[in-house]
Each structure stands twice: as structure tokens, then as C-alpha cells.
Amino acid sequence: MPTVSGVMRHVSQTPTCCQLWMKVLEGLVIVESADKENQDNQDVDLDMTAPEDWYYMSNHDSTPDVCEGHLVQHQWVEEDVDNIPDRPSEAHFTEQFIRLAAKILGAQNTLFESMEVVETAKKESMWVPFHTEGEWELACFLMKNIGQTKMYEFLKLNIICDQIHTVSFENARLFLKCIDKLWTGLAWTCEIIDMCGDIVSEDGRLKHKECVWELMGNPAFWDIMSYVPEWAYADANSETHIYDEMWTGNWWWDIQSKLPEGVVVMPVILSSDKMLLSQFSGDKKAWPVYLTIRNISKDVRHQVSAHATVLIGYLPVLKLDCFQKKSRLVTGYRLFHHSIALLLCPLANAGRKGREMICANGYICCIHPILTAYIADFPEQCLVACNKESRCPCCLVQLNKCGDLEDWENCCVADTLKTLQKFNAEGLHAVFDPFWKDLPFTEIFTCLTPDILHQLHKGIFHDHLVQWCTSIISEKEIDAHFQAMTQYPALHHFKKGISSVSQWTSTEHKEMQRVFVGLLASAVEDHILVVAHSLLDFIYYVQLQCHTDMTLVAMEEGLKMFHAHKHVLVELGVHEDFNMLKIHSMQHYVTSIQALGSADSYNMEYPEQLHIDYTKDGYWASNKCNYMEQMALWLQCQEAMYYKSVYLAWRKPCAVGLESGCKSNARDSETHIGDPARSAGVSDLPDSPVLWMLGRKRVIQPIRSDQFDVYNYLYVMSGPSVITGHSQSFQKIHASPKIAAHGWKAETPARFDTMFVMDGECMQVAQIQVIFRLPDQFGTFIHPLAYVEWFTTLQCQDPATSLYVVTCSTRNHRRNASIISIDCIDHACHLQGWCGREIKAEEQLA
């Protein structure tokens, strides 16, 4: 049973459940009150007076947050982002589309239902072509982990041969024949593109398949699909708009209004990224193109194992030696557009006239697939927009105005097609037939979405902001500040600084951003700190997984603050000017979020994760000769295994343990503190606070020989938030003493984490010292207890960074401390020390 706050949030989001939940809640309240009365009766004869130096924050709710165990569960987690407006998901009011949409034209068996009918008619097992569940599990293991050569060796092992008579395949050849019998969807095709060069002719090979219809009709996604647009609001008066999934944005609503009544819009997202396959040596490359649809919830689309994003083709990667050097570049542009046009050819007519098909829920609807977004890095965005890399691919900003905060007119498809003949004067490339020319309802320049990975993390933050600050306070001091950073759960600690890092990923960028403002707080002047603060505020707001009008205004205010204070970097000689397209691109984020939903849905970071499953693994499974054909065949086998897995999960949910797009009814993972790490006496605890508490509140007086179970850490389970999304997360809070060096193991320093604690109605910062459980003779407590030392209240804010400033709280010249129940802990809190401009060696080691 969730907490009361969780129930209230659920009721606010689904009003139809209000009466049912209130009845359940009333029943719980009655039981809870009875438990409280019993507890009060038990304690009536006890001396309840406590000393002023100590107080006990007990949990008056006798019903634990999660059944069985001393578990802590909270609905929201607060991250290290300052001044975030009210969380939009606490109240969610929707306005449905006013016209008829997603009209049901009929019903038909889905793919899985048809497969079940065939198996029933033939009286076959659902494991066919395998005999048993054990064979299927062996097939999954072999296909996923062992290549064809090693598969032969594995099946020839004596221990396997002794049991092979019970399996339907005796060698790798028979095994692959079984795989070929599985349903694989549409087959891969290869189109040869002949190019007549000015030196010699050459041909390119385009491997592709049409699979957009498979996504729409995949029964695994039946309960996470949306077919109609809606506007979401954070208030009942429809004043504060929420932008989350794409169906809450303006684009879908506008397109639905232009189409006939009753049709379903299928927003198509493309992404492409040229990549190197060879390692250490060689020049083998691939250019995969991925496709997904925005009808599927982004929480599932972001799971690679869910197969909600599919590979639709490999573009030809040629050196174009048949052309002279001066014409190779433009020829490559034309080849790209021609190849993409071949891939999207089925979408043009279907997007204009519609196509009836079976949806994931088994109903037949008229579907209009429309290209909505194209996710790519900046060079490929320019390639799609047919413009030079010195120009913005989205708007008509002048070359010398990129560093100014001005609004510019968006590029127009019709005007661009007219002016392609004058390509040099307009900053365009001579691509006379761009692939988006015939796509209906597609404004390609609004489809080019902002790229958080390359524009913000790698560009604005790492390539510019970090370099500006390094030139001001020196590389040595930047490293020293990172080395002196305090530890925090799930926070990367740069023990050697950042100058020695040779290869950066988005993970390192995000870890640096979490501490960068606090790191600079005592190292640079306030006017420089404002510049860093404004840019990092913008970056953090962009990454919110759910936006409101307030968060978008906060994004714009952060950008305005940067432009208002950027002149200080010019005055210090750190940077000459800000006429950079990466600075200019920050102006397009708000309009893109309003149209297409939150920016995390089209981050370039996700397509790069797909390279491993869809490209690299297939390449390394090949013999490196004619590898494209082998990669396509390998992918077809993997897809066959995937469809069989989700079909078996649909037939028998407990039959397989593979991840899929289907939602599971399994209970969420629970948080717990684990087994006791050690036993301690009353005298082992700091200042013996338990002796004070128990001696004044209980009849039984503890003695110093009493032993308590002590724990080194606990887990706090936090629910969804605008930062972490809709999934739950765990935070590990340590209270572990120093462990001396033993043998080859080095000494482990003590670690006592800081955290946010609910003190009545307010949030307080405390440092945990001991996690312990009381013996049974001192009473029964639902949760273990924690001895914490308090910091001052969250009242004083630094004006330059907006970070709260706290110090150790004292009482009678001693640390202000308390015994609390661990269910009062909300989540971890990171405190950064206030260092000077220069950090001493002992501070780095602390």
C-alpha cells in the first residue's frame, strides 16, 4: 500500500479512482487508529519525559510504507537543481482533442493472436520449433552470447554431447535452421545505386527494410501507446501547460486538425549517425538509420531491450573515388538524400492518403505516418537541411549575429526549394532533390531537434564553460577543487582531477555539472559565477523530463542572464566574441519543447547507445568481408529471437525473464538496509544518545553491555520526478566507520553521508552517524533508528549561485543531534565545502 501522499497524487491524476481509493484509505485509517490506541495504552505507565539535549522523531504512522521490512519509500526525489518551479506531475489535468480521432474501423487478430491460432490448429507447443522451455533457454543463450565458430566447439563438448540426444539440434547448422523457422517480420533488401562519376563509374549498396508498420502493430506495446493528442495542464483552470510526451505538445494537435476526422497520426522519428566499425586500425564504417514512433511512451522507447526503436537501413559509405575531389562533397550530399528518399518512399503516399492497419490493441484504424523529428549531430543536421555548416539549419540568422539574443525567422521549405538553384549565395548546397521534398505535412527545419549531447554537454559546457573557467583560475586549481570534492551517493569523484581525462562521455559531463557551480563558488568572482550559474541552469532545465510554462520561462531567464553578463569574459580576455552557432542554438529549445514535448525524447545520446546492438555486435559477429550482408542476416536472427521472446511472454508471462515492451505486474523492488554489519554496545555510540533516550522513556534501564545491531548503509527508494523521469531510483546512504588496512587491502576511510530529513513540515539537512536497531526489551519500532547531527536550517542563500549555505548546528557548545526513525529520511544531500581560491594539500586528502 503506498503512502498517503502517494495515494493523493494518484487520486489527483486519476479522479475516477477517487471513491475507490478513499474507501481503501478509510479502512487503513481505522486499523491505524486502533494500533495507535494500543501503542498509547502500552506506554501509559512509562516515564515519557526526555532531556532537552535529545529528542526522538518517531514515525506516528504504525503502517509501514512497504510491507515487511524496514523500508523507506518516497514519491519524489529532489535533485541538486536550484529554484525548480513546482513539480508539474503533482496535478495533471488533460483536455482531449475536440474532433473525432482514432476511429475504429474494425477488429482483427494481432500478430501474436494469429500465431497462437496457427499453433492451436497444428496442435503444436508454444515453444516450437523447440521442444521444451529448456531448449528455448539454451537457444537464447547460444544466440546472444556465442558466435557461430564457438557454437560448434560448445556443442562438441563431451558434457554437452552426453545430453544432446534430448535436444532438437545436435550442431550449429541444425540450430541455425531452427532459428530460420522463427517469425522474423519483414526481410532485409539491398538496393544498388549506380553513380556515373566524372572519372569512372561506381555503385553503392543500400540495405533497408520497411518496419514502421511492425512498430504500430506490435502487441507488446498495446498498453503504452497513444493514438490521440491531448493538452495537459498543472491546474484545473488550464492556465499552466504541461509538456511531457509528444501527444501533449502543439505539433500533434495542429496536424490532427489538418487531417480528416477519425484518423490516427503516427509521428515518425528518424536518427542517423555515421560511425567507425574498425578498432585500432582499418577504415570500415557504417551509417545506420534508426526509426521509432512517438505513439509509444518515451519510457519504453528509451529502453534498448524493448526494441521500440528499430534499424531500418544502412546508408552507403563510399569514398567516391570515381569523382574528382572538387565534386565529391556535393555528390556525397546528393547520395545521402537519394538514399534516405528510398528508405522513406513508403511514408510519402501513406502520410498523404493514410493506410488501414491493425494497431497494437487489435483494432483497425487509418494511420497517417508523418516525419516529425530528425535526430542527428550538427554536421548531419546541416546535411539534412542542405545548408553549409557555417549556418543555422533551423533559422535565417545572419553569420555575424549568432552571439546575439535575437529572434529570427524560421527557414521555409517552399522558399528553400526555390532558392536551391542559388545555393552559394544563400549558404545552401546544390542538392536539387532533398528527401523531404515530397513528404506531406513535414517542415524539415522544425524537425531538426536540439541536440543536448553535442550542443550542451560537449559544446557549451565542456568545450566552452570549462575552458573559460580553467583559463581564469588555472588548470591546477580546477583539478585541486575536483579532488577536494566531498563524496555523495552515485556521484563520480574525480580523484585525479579532470585534466588527465582523455576521453569524455556524457556521463562525465553530467557528473561535472552537478558540482561545478559549488566548485567555483569560492574560486572566482561573483560576476563570473553568474555566467556559469546561468548556463548550468539552462542545461539543467533543458534536461527536465516534464516541463511547464514556468520551467520554460526559467530556461529563457537563464539564457537572458548569460547574455546580460557574458561581456565580463570579453573584458577579461577569456573569449573574443560569442558569434557561435552553439550559443545561438540555445534559442531553439523552448519552441521545440512546446511543439514536440520534452527534449529528453530526442537526445542524441540514445541513438548512440543503439550502435552496440544494431551495428557493432553484428560487425564483430561477421568475418569482416562483405560485412553489411552478414550484419543484416545476423540482425534478422536477433529479431526472430526477440519476437519469439515477446510472444512467449504474451502467451505465458512467467515463461521467460527477458525484458520487453510489455508492462509486468511484478512487484517493484523494495528497499532495505540489509543484514547488520556489526554489533555495538551503548558506549560505542557517539555520546551514548541511546542511553539518554531509553533511560528516560522506558522502565527497563539499559546497561553498557547491551548490544545493538549496527548497519553500515541503508537504501532510500525514490519515486518518479521531473529529473529522473517516471522510473524509481535507489540512493545508498552510508554510515560506515574507518576500516584499517589489512594485508594487500588499503585503508578504507570513514564515510558518513548527509541527507534531507523531514522534520515535521520542513526539510532539514543532517549527517548520519549510526544506523542501528534496538533490542526487543526496549520496545518495538517499525523501522531501525539513526543517530544524526543537524545543520542549520535552509534559510540563507548565496546570491551569486542561489545555493543554500548551511553550517553545523550546535546546542550548549555541542553538536545538535537527535535519534530519528529512518523513514524520516527523504533522500541524500550533497554538501560542498566552501574552499578558498587555492586549496591546500591537506584539504585535497580530507
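Biologist: Let's start with Asp753 and Arg751: buried or exposed?
Modeller: Both Asp753 and Arg751 are buried. Keep in mind that this is a predicted model.

Biologist: And what do the side chains of Asp753 and Arg751 do?
Modeller: They meet in a salt bridge, with an N to O distance of 3.0 Å. In general, side chains of opposite charge can pair when their charged atoms come close.

Biologist: How many salt bridges does the structure hold?
Modeller: The structure holds 14 salt bridges. One of them joins the side chains of Arg651 and Glu119, at 2.9 Å from N to O. That pair links distant parts of the chain, 532 residues apart. Arg651 is in helix H26 (residues 627–651), while Glu119 is in helix H3 (residues 111–122).

Biologist: Why does Glu119 count as buried?
Modeller: Because its relative accessibility is 6%, and buried means under 20%.

Biologist: And what about Arg651, how does that residue count?
Modeller: Arg651 counts as partly exposed, at 30% relative accessibility.

Biologist: Which residues are linked with Glu119 and Arg651 in a network of salt bridges?
Modeller: Glu116 and Lys644 join Glu119 and Arg651 in that network.

Biologist: OK, what does Arg815 form a salt bridge with?
Modeller: Arg815 pairs with Glu789, and the closest N and O atoms are 3.2 Å apart.

Biologist: Is Glu789 buried or exposed?
Modeller: Glu789 is buried, with a relative accessible area of 13%. Arg815, on the other hand, is partly exposed at 28%.

Biologist: Switching topic. Which residues gather in a patch of negative charge on the surface?
Modeller: Glu406, Asp407, Glu556 and Glu557 gather there. Glu557 sits in helix H21 (residues 549–565).

Biologist: How accessible is Glu557?
Modeller: Its relative accessible area is 43%, so Glu557 is partly exposed.

Biologist: Can you give me the overall picture? How many helices and strands are in the protein?
Modeller: The protein has 28 helices and 28 strands. It has 846 residues, and 51% of them count as buried.

Biologist: What share of the contacts comes from residues 24 or more positions apart?
Modeller: Among contacts with a separation of 6 or more, such residues account for 71%.

Biologist: Now Ala828. Where is that residue found?
Modeller: Ala828 is in strand S28 (residues 825–828). With a relative accessible area of 2%, Ala828 is buried.

Biologist: What does Ala828 touch?
Modeller: Leaving out residues up to four places away in sequence, Ala828 touches Tyr488, Pro489, Gln731, Ile733, Thr754, Met755 and Phe756.

Biologist: Let's look at the backbone. Is the peptide bond from Val128 to Pro129 cis or trans?
Modeller: That bond is cis, with omega near 10 degrees. Pro129 is found in the loop between H3 and helix H4 (133–145).

Biologist: Why would anyone flag that?
Modeller: Because most peptide bonds are trans, and most residues other than glycine have a negative phi.

Biologist: Speaking of phi, what is the value for Ser474?
Modeller: Phi of Ser474 is near 80 degrees, which is positive in a residue other than glycine. Ser474 is in the loop between helix H17 (452–473) and helix H18 (475–483), and counts as partly exposed at 32% relative accessibility.

Biologist: And what is phi for Asn626?
Modeller: Asn626 has a positive phi of about 50 degrees, although it is not a glycine. Asn626 is in the loop between helix H25 (605–621) and H26.

Biologist: Is Asn626 buried or exposed?
Modeller: Asn626 counts as exposed, at 63% relative accessibility.

Note on methods
Residues are numbered from 1 along each chain as its sequence is written. This is a predicted model: local features need pLDDT of at least 70, side-chain atom pairs count only at pLDDT 80 or more; totals for chains, interfaces and linings use all residues. Side-chain values use heavy atoms; hydrogens and water are left out. Patches are made of residues with over 30% relative accessible area and no salt bridge: like charges are joined within 9 Å, nonpolar side chains (Val, Leu, Ile, Met, Phe, Trp, Tyr) within 5 Å. Accessible areas come from the Shrake-Rupley method with a 1.4 Å probe; for residues, only the protein chains shown count as cover. A salt bridge is a side-chain nitrogen of Lys or Arg within 4 Å of a carboxyl oxygen of Asp or Glu. Lys and Arg count as positive and Asp and Glu as negative; His and the chain ends are not counted. The place of a charge is taken as NZ of Lys, CZ of Arg, CG of Asp or CD of Glu. Helices (H or I, at least four residues) and strands (E, at least two) are DSSP runs, numbered from the N terminus. Buried means under 20% relative accessible area, exposed over 50%, partly exposed in between (1.4 Å probe, protein chains only). Contact means heavy atoms within 4.5 Å.
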